[in-house]
Amino acid sequence: MSPDFTPSGSVRSAAALNEQIRALWTRAGGSLSAQERAEYELLVVKWAEAIRGEVVEAA
């Protein structure tokens, strides 16, 4: 598990999650291992949830 990984249940902003996604791709050099792919998929799901939450708050 990466040192930047935060356990589920914690609240992170879409911007923070986006930064984690970018850092993951940078560390991986553009090619994800199976473990990195799983981490990426989880981050993308959390990012989408955060985006939806931010849109609802703005409305």
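Here is a walk through this structure, starting with its overall layout and ending with a pair of rings.

What you have is a predicted model, where local features need pLDDT of at least 70, side-chain atom pairs count only at pLDDT 80 or more, and totals for chains, interfaces and linings use all residues. Residues are numbered from 1 along each chain as its sequence is written, and side-chain values use heavy atoms, with hydrogens and water left out.

The chain's secondary structure is two helices and zero strands (DSSP runs numbered from the N terminus: H or I of at least four residues for helices, E of at least two for strands). Of the chain's 59 residues, 20% are buried (buried is under 20% relative accessible area, exposed over 50%, partly exposed in between, with a 1.4 Å probe and protein chains only).

Now look at H1. Its buried residues are Ala14, Leu17, Gln20, Ile21, Leu24 and Ala28. They sit on the same side of H1 because they cover an arc of only 120 degrees around the axis (the arc of the directions from the helix axis to the C-beta atoms). Turned away from that buried side, you'll find the exposed residues Ala15, Arg22 and Thr26. Just after H1, glycine 29 takes a positive phi of about 70 degrees.

Which rings pair up edge-to-face? Tryptophan 25 and tyrosine 40 do, because their centres are 5.5 Å apart and their planes are at 80 degrees (rings of Phe, Tyr and Trp, using its six-membered ring, pair if their centres lie within 6.5 Å; planes under 30 degrees apart are stacked, over 60 edge-to-face and the rest tilted). The pair links tryptophan 25 in helix H1 (residues 14-28) with tyrosine 40 in helix H2 (residues 34-58).
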